[in-house]
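This report describes the strands, helices and contacts of one model. Please keep the sequence and the structure open while reading.

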Amino acid sequence: MKLVIFDLDGTLLDTIDDLGAAANHVLERHGLPLHGMDEYRLMVGRGMRNLIRMALPDGTSEDTVSVVLSEFLEWYQNHLDIATRPYPGVQELVSSLNEAGFKLAVASNKIQPGTEKLVSKFFPGIPFVAVMGNCSAFPLKPDPALVRYIMDRAGVCESDTLMVGDSGIDIETAHNAGIPVIAVSWGFRPRVELAAADSIADSVDELGRTLLEA
């Protein structure tokens with residue numbers, strides 16, 4: 001295994017409190033019902049527009065979704081690292097993989113500026129092959145285009161690449177790209193959603209052992 005592509009939210013970083021706080025901030029501004037963090041765990045993962053669409057009441061027009069999304073993005077970009085933290089042991093794992101000679105990358109459905117800001121803050125000095133979020137050049141996961149771009153940039157093929165994520169979206173992305181995937185159970189989704197992964201890691205130590213032996 002030469003290249004490991006990580007999802008960000010729910011895999012490397014616990015971002016749910018900042019995402020939920022930003023969404024609730026704009027919902028409250030519009031006098032709309034708020035949601036708990038456990039609810040937001042099931043809303044995130046398919047891009048910010050989908051998150052806002054799910055947070056808004058059923059039947060909300062796309063014009064209103066766009067207005068609320070714009071307000072959400074402005075607020076979130078300035079408050080995305082208030083409560084967000086790496087999962088315990090993740091920074092050490094990424095450093096160990098880098099020292100072992102793995103090429104590393106991030107593929108997220110989070111907005112590109114936010115993805116870059118969080119990765120640079122929490123993983124300084126790691127020479128990621130690519131840090132990719134939601135940008136106009138590629139469709140969102142589970143479309144495999146982003147993963148294939150990262151493989152091309154790294155100069156590796158499917159048999160040399162592995163993906164790590166915390167959701168069915170990541171598993172589907174990997175399958176669509178023709179690469180194996182390890183699901184982590186400490187993220188945002190229930191374990192039952194991870195059944196289609198090639199394997200499930202229940203701890204960072206277990207993930208490290210699996211990757212270093214791959």
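Which residue in β4 is the bridge partner of F6? The bridge partner of F6 in β4 is V106.

This is a predicted model, in which local features need pLDDT of at least 70, side-chain atom pairs count only at pLDDT 80 or more, and totals for chains, interfaces and linings use all residues. Residues are numbered from 1 along each chain as its sequence is written, and side-chain values use heavy atoms, with hydrogens and water left out.

**The sheet**

Helices (H or I, at least four residues) and strands (E, at least two) are DSSP runs, numbered from the N terminus. Two strands pair if DSSP finds at least two bridges between them. Six strands form an open sheet with parallel pairing, in the order β5-β4-β1-β6-β7-β8. β5 (130-134) and β8 (199-201) are at the edges with a single partner strand each, so one side of each has no neighbour in the sheet. From one strand to the next, the twist averages 20°; angles run from 0 to 180 degrees between N-to-C directions, and axes are lines fitted to C-alpha atoms, for helices over the stretch in contact.

| Strand pair | Sense | Bridges |
|---|---|---|
| β1 and β4 | parallel | four |
| β1 and β6 | parallel | four |
| β6 and β7 | parallel | three |

Strand β1 covers residues 3-6. Its residue V4 stands opposite L162 in β6, and F6 has V164 as its bridge partner in β6. On the β7 side, M163 stands opposite V181.

Burial can be described strand by strand. Buried means under 20% relative accessible area, exposed over 50%, and partly exposed in between (1.4 Å probe, protein chains only). In β6 (residues 161-165), five of the five residues are buried. T161, M163 and G165 point one way from β6, while L162 and V164 point the other way.

β6, helix α8 (residues 168-177) and β7 make a right-handed β-α-β unit. A crossover is right-handed if, with the strands pointing away from the viewer, the path from the first strand over the helix to the second runs clockwise.

**The helices**

The axes of helix α5 (residues 90-99) and helix α9 (residues 204-213) come within 10 Å and cross at roughly 10°. The two helices are therefore roughly parallel to each other (under 35 degrees; over 145 is roughly antiparallel, 65 to 115 roughly perpendicular and the rest oblique). V90, L93 and L97 of α5 meet V204, L207, G208, L211 and L212 of α9. The residues of this contact are seven nonpolar, one polar and no charged. Ala, Val, Leu, Ile, Met, Phe, Trp, Tyr, Cys and Pro count as nonpolar, Asp, Glu, Lys and Arg as charged, and the others, Gly among them, as polar.

In helix α3 (residues 48-55), the buried residues are M48, N50, L51, I52 and A55. These residues pack against α1 (16-29), α2 (37-41), α4 (62-79) and β4 (103-111), where contact means heavy atoms within 4.5 Å.

L19 lies in helix α1 and counts as buried because its relative accessibility is 2%. Leaving out residues up to four places away in sequence, L19 touches D9, V44, M48, L51, F72, Y76 and K110. The C-alpha atoms of L19 and D198 are separated by 29 Å, and the two residues are 179 residues apart along the chain.
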